[in-house]
Amino acid sequence: MASIAIPKQGGYSRPLILEWITTVDHKKLGILYLYTSMFFFAVGGVLALLVRTQLAVADNHFLDNHAYNQIFTMHASAMLFLFIIPIWAGFGNYLVPLQIGALDMAFPRINALSYWLFPPAGIIMFSGFLVKDGAAQAGWTAYSPLAKTLGTGMDLWIIAVAMLGVSSTIGAANFLVTMFRMRAPGMTMFRMPIFCWTMLVTSVLSLLATPVLASALTMLFIDRNFGGNFFDPNGGGNAVLWQNVFWFYSHPAVYIMILPGMGIISEILPVFSRKPLFGYKAFIFATMGIGGLGFSVWAHHMFTTGAVLKPWFGFMTGLIGVPTGVKMFNWLGTLWRGQLTFEPPMLFALGFVSMFLIGGINGAFAAAVPVDFAIHDTYFVVAHIHYVLFGGSVFAVFGGLYYWFPKIWGRRLNDRLGQIQFWLMFIGFNLTFFPMHLLGLDGMPRRIATYNDFNNWQLLNMISTSGAFLIGLSMFPFAAAVIMAFMKPKDQPNDPWEANTLEWATTSPPPVHNFDEIPEIHSERPLFDLRHGTHSNH
Amino acid sequence: MPNNGMRRPARRAIVLFSVGLLALAAIGTASAAVGQPGGITDEARDMHGLYLFTLALGAIVFVLVEGALIYCLVRFRKKSDSLPAQIHGSNIVEFIWTGIPVIIVIALFSYSFVVLRNVEHKEQPVDLTVNVTGFQFQWQFTYCANDLGKGANAPDKARGDKYQGPCATEADEFSITGTAKDEPTVVIPLDEPVEFRLKSNDVIHSFYVRDFLYKLDVIPGRDNKFTVTAREVGTFHGQCAELCGLNHALMRFQIEVKTRADFDAWMAEKTAASKAAARVP
């Protein structure tokens, strides 16, 4: 809030560690979020490589079934709950107040609470590896009644996901209040940067969907520990009920995982095309459309249960393609007749556009209900989610890191290393996930710890595994770029990219109070207006 | 700021990018041939048609959009420091490109709806019922020797029938089960509608036969069933498709389609064997 007292520079000297542990500064919390989620990205990545190693050849004994089930479950849980969702909170925390010209988030202490629920949740989830029977092994979807029958690792998983749910919910409320109440003078809703808009819609989704997840988790916990029978038909419960409540959260959660990524590339593409985002308002309405429709499609994960109204959910799922298509065209419209340059942020943003398109197209196969009967729960679906969440979200994460690194840390990541990383990742990504389409069509179910080679699945699996290691390799140029950047002094000007939004008006990195002076805001591109002395004709 | 020094790598980047996407398009098209198998049932052939339709739509969208993207990258890379025209959007264009996906969605949905109705034909008379029970971690397939799915003389708890299985009497019933090493084989006749009734007493499984292009979940507390008419003789592979615990990967089975004559011979042999087994104790 504006009434927060700003500490005098150098007024209080505290040990650095104490400073970071007790901070309520949105920038520091944002950085903590980024570090912690990147840590879990690395952990989840190692787990993915274990999975791919096991599947590289038929009838492999590298991992036994018990270990495999834990590892693929924890790979997905780490990547979704401990990496993608919180890293958007990291970007959001750092950027939203800066982009709307605020001093901090609306509730700085709640913001700190949001963050500090996150590392313990990760530790609790992974502590499953230390208990009898091991970590959670029912997949990240924890289908019941299977989840009822598993060991203590499952309880730890439930507790961890519930804590993360609390973190997201209060974080969402914080983002909403910040954006509604703390915009700088002149920053109307329809002048907010597009990244803020995607965070806004994401926050609404979190606020509405996460409590449903909380109730689902509570019921599952009661089923497991206190003799409940919500999801166990042998005690009068209903096995399909879990899927309904779980997906009622988890489908909107897919948009929670992708919308901020769309926001990030919608910041990057205009800057490196030297044009405004084509159809700024259309883009906002499309984002709202995706968010709204996102609540009416949960049962498309359940067509093969035979327990849902298939035509309705098939149609609504198809409809989501409409606002998504609008966004795709708006991105192309932004590039059209621009002056394009290809620094690393732009490369990753273009990687997003080209790969997310495939993630949309292969989604259409699952929306066509009878086709879904064949591909559901096969590797085709694994390909689909990775084209959306890796080809989409992860490319956006790296685009965002290259783009805002100068602002956050005052140093620029090496362009050449960025390009090397991009190409390794782009090629590795397609090698890993494209063959999965073919495996799925050929009938390879997902989540199997091993396969025999009667269908010649081995070759495609081997290609996929090599691709996965190429992705692993692509992290080294990134790490090198980060280390090299930190070995140099801070040298970045306020606005190294000639960008559009307010965060580039202040120093790199910004002072504790964010802005010494906020420029006048007449459009959604205040810095463009400042550079060119124009008022947008918007 | 990036300047002319960026030109060469930029051009190379564009070339690499284009080659990569073209390669993907080529792989995608080629995979239509090796992708989804055609399926061996009437229902599967219907669904495969829808798959090919979706694939064609997808391929067109892919080529057009990635083509437009590559065109932009080649045509509009930075050539001067002059600012390009600052176009903020166009309502007409937005209207058009909202309309196009709507048309595609309606086309795809309509075709899916028709296929869905054909696949899930209700109340079809069936010539054979196979009762499938999924359990951790195998399958049991139960047949009735004298009651080939006609449902007559079903056991009735109210009448005081002790036997509560799927057949008219216990003597009619025989089952096939297997192990991970010795996969069970479920046998069905050619050209006749066969009903599969799916049941589980532990967790959720999913009955999946690749060449049916179909799977249906096997859910405790819920009786799912589906009907197919197989049109090809042969042995095909089946597997559990819903994670069901430790040895989920090993829940494999075979499905064999025989001509009516071969099927009757197999049935007679199995019935005799099961009667002999019943007499032993």
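1. Let's start where the two chains meet. In this predicted model, the contact draws 80 residues from chain A and 78 residues from chain B. On the chain B side, the elements that give two or more residues are helices H1 (7-34), H2 (42-75) and H3 (91-119), together with strands S6 (205-209), S7 (214-218) and S9 (234-240). H3(B) gives the most, with 14 residues.

2. Now chain B as a whole. Its secondary structure comes to four helices and ten strands. Reading from the N terminus, the order is α-α-α-β-β-β-β-β-β-β-β-β-β-α. Of the 281 residues in chain B, 37% are buried. Taking contacts between residues at least 6 apart in sequence, 70% join residues at least 24 apart.

3. In chain A, have a look at helix H2 (residues 26-55) and helix H15 (residues 458-487), whose axes come within 9 Å and cross at roughly 155 degrees. Angles over 145 degrees count as roughly antiparallel, so H2(A) is roughly antiparallel to H15(A). The crossing of this pair is left-handed.

4. Which residues make the contact between H2(A) and H15(A)? From H2(A) come Gly45(A), Ala48(A), Leu49(A), Arg52(A), Thr53(A) and Leu55(A), and H15(A) supplies Asn461(A), Ser464(A), Thr465(A), Ala468(A), Phe469(A) and Gly472(A). By class, this helix pair brings together five nonpolar, six polar and one charged residues.

Notes:
Residues numbered from 1 in each chain as written. Chains lettered and ligands numbered in written order. Predicted model: local features only at pLDDT ≥ 70, side-chain atom pairs only at ≥ 80, totals over all residues. Contact = placed C-beta atoms within 7 Å. Buried ≥ 20, exposed ≤ 12 C-beta atoms within 10 Å, placed from the backbone. Axes fitted to C-alpha atoms, helices over the stretch in contact; angles between N-to-C directions. Parallel < 35°, antiparallel > 145°, perpendicular 65-115°, else oblique. Left-handed = near helix turned anticlockwise from the far one by under 90°. Nonpolar A, V, L, I, M, F, W, Y, C, P; charged D, E, K, R; others polar.
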